Amino acid sequence: MKSKKSIVLGERVVNKNSINKGFRFWLAFYAGRFSAFLCRLFRLSGTSLPGVVALKLCPQLLFYLGSAYEKVIAVTGTNGKTTTTNLISYYLQQAGETVVGNGEGANMISGVATALIKDCNLLGTAQSRTVVLEVDEGSVGKILPAVKPDLIVVTNYFRDQLDRYSELDQIITLLRKTIDGLPETELLLNADDPLAVAVGRGRSAVRYYGVKGERDCKEVEENEIREGGFCPDCGELLAYNYYHYGQLGDYRCTKCSFKRPEPDFVALDVDDSDLLHFSLYLQNKNTGEQEPQKGSLDLHSQLRGFYNVYNILAASAAAVIIGIPQQIIEASLPDYSTATGRLEQFIYQGRPCTLALIKNPIGVNEVIKTILPQEGKKAFLIAINDLAGDGKDVSWLWDADFEKLNQSMISKVVCSGRRAAEMAVRLKYAGLVTSKIVIEPGCRESLEVLGLQKVDQYYILASYTSLFNYAKLLRKMGKAVVNDAAQGLPSLS
Ligand SMILES: [Zn+2]
């Protein structure tokens, strides 16, 4: 116990041998390792349990483990964390770095602890030099002070899982308080989100990324949700020059000086008609000019959907900040494919089948917006669970724009999961005729019903805890498409 006190918090101790970790650490470490072994033995997922066990025995575990890394990067926010985290890790690997992360979405303290325990060899020595962590918005107060990131990337703040996070304000206040104790940490914030920008107010080491509005004064769609459209300084409703989606756009307060900060990293000429393509400019904020001498990056991605522009932009900006050569970023992005459930592609019953994670209204709206322009007849499967990982309160279903599914090219929507019935009611209120709605709570059974539909495309939208079950079944019954563009298989266009 003495050894804990002897460590000065706030100082990164890279040389792991200089820390006397003490008996409790080693007990916890080996208990964690043993739990991981048992999880493998019994074929359990094991992305959290080893951490739960180890943290019980040594609450300071994460501090000891985190101090072994030369660089620590953390990504937090509501949507886009997993894609952004995975892409930063991918860039680092392409640059020849050894990286550890909690890329499967186990983003609370136990998941982070598990990832770092598994990165160590049996002597407790970390095998990687860098760590890139996806950090749950509600867990920043526990994780960030322990691992002391060099860089924190904030994606956006949307309404999400109300039972766990009662108010967006509280989440932002929690992060602000947490980073007060981390004066060395640099921030990379989404300039287009007034809520993300609020995190960095009064701090010097802040950089911003943003998407330039090509479509000025874009018409705001009727059901678009703008939770954060208020000034974080004075509470006034923000005025916008244009919106991208949600509360993201070019905003300013009409009462005080709060406005969208000039971004350091700007996405320009966005083409989101199919596979994403845009230019990333490094902007000199003093002159407001783009700096071609610093280089602009020509970014081609296999990802789809406008919301992924933000994820690619954030990850690429983070990569530039941590010193990854721009040529590596440009050359490696086209080969990056998506994580489970981020519009992942399968072939099921001979038809293209897209699997997407849904967890909040904004996410649903963006996924639907991306899917609907694709040609052909479609059948949907929407799986909603209400376990802790999904958020027990599913009232957000009523804020999402399921009305958009009410059209002739969608012939069937199979509702599944623990809240299949509620989902069916939601669709009925969205105007879908009842003959199009099927309730089949079982995972395998619902997939079988979907497979009976003679359409051109299948889409599965699943909440978090059902997502991996569908992915597993599809891999077994269907066929995962690693790179549909390269293989010439039916693409989503
Ligand atoms: Zn204001």
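How many of the eleven residues of helix α6 (residues 109-119) are buried? In this predicted model, nine of them are, so the helix is largely enclosed by the rest of the structure. The buried residues run through Ile-109, Ser-110, Gly-111, Val-112, Ala-113, Thr-114, Ala-115, Leu-116 and Ile-117. They pack against the helices α2 (22-41), α3 (49-57), α4 (61-66) and α7 (140-147), and also against the strands β2 (99-101) and β3 (130-134).

One of these packing partners, α3, meets α6 at an angle of about 95 degrees, with the two axes 7 Å apart. The angle falls between 65 and 115 degrees, which makes α3 roughly perpendicular to α6. On the side of α3 the contact is formed by Pro-50, Gly-51, Val-52, Ala-54 and Leu-55, while α6 contributes Ile-109, Ser-110, Gly-111, Val-112, Ala-113, Thr-114 and Ile-117. Eight of the residues in this contact are nonpolar and four are polar, and none is charged.

The chain as a whole comprises 493 residues, of which 48% count as buried, and contains 16 helices and 18 strands. Among contacts with a separation of 6 or more, 71% are between residues 24 or more positions apart.

Nine of the strands form an open sheet with mixed pairing, in the order β2-β3-β1-β4-β5-β6-β9-β10-β11.

Strand β1 (residues 71-76) runs parallel to β4 and is joined to it by four bridges, with Val-75 standing opposite Val-153. The pairing of β4 with strand β5 (residues 186-190) is likewise parallel and extends over three bridges, and here Leu-188 is the bridge partner of Val-153. An antiparallel pairing is found between strand β9 (residues 265-271) and strand β10 (residues 277-282), which share five bridges; in β10, Tyr-281 is the bridge partner of Val-266.

The loop between α8 (168-180) and β5 contains Gly-181, which counts as partly exposed because it has 13 C-beta neighbours inside 10 Å. Although Gly-181 and Leu-144 are 37 residues apart in sequence, their C-alpha atoms are 9.5 Å apart in space.

In soluble globular proteins, nonpolar side chains tend to be buried together. The largest nonpolar core of this model has 97 residues, and those that touch the most other members are Leu-61, Leu-313 and Ala-318. Helix α10 (residues 307-321) supplies the largest share of this core, with eleven residues. When residues up to four places away in sequence are not counted, Ala-318 touches Ile-73, Ile-88, Leu-151, Val-153 and Leu-188. Apart from this core lies another, of 43 residues, whose members include Ile-371, Ala-383, Cys-415 and Met-423.

Technical notes: Residues numbered from 1 in each chain as written. Predicted model: local features only at pLDDT ≥ 70, side-chain atom pairs only at ≥ 80, totals over all residues. Pairing = 2+ DSSP bridges. Helix = DSSP H or I, 4+ residues; strand = E, 2+ residues; numbered from the N terminus. Buried ≥ 20, exposed ≤ 12 C-beta atoms within 10 Å, placed from the backbone. Core = buried A, V, L, I, M, F, W, Y, C linked by C-beta atoms within 7 Å. Contact = placed C-beta atoms within 7 Å. Axes fitted to C-alpha atoms, helices over the stretch in contact; angles between N-to-C directions. Parallel < 35°, antiparallel > 145°, perpendicular 65-115°, else oblique. Nonpolar A, V, L, I, M, F, W, Y, C, P; charged D, E, K, R; others polar.
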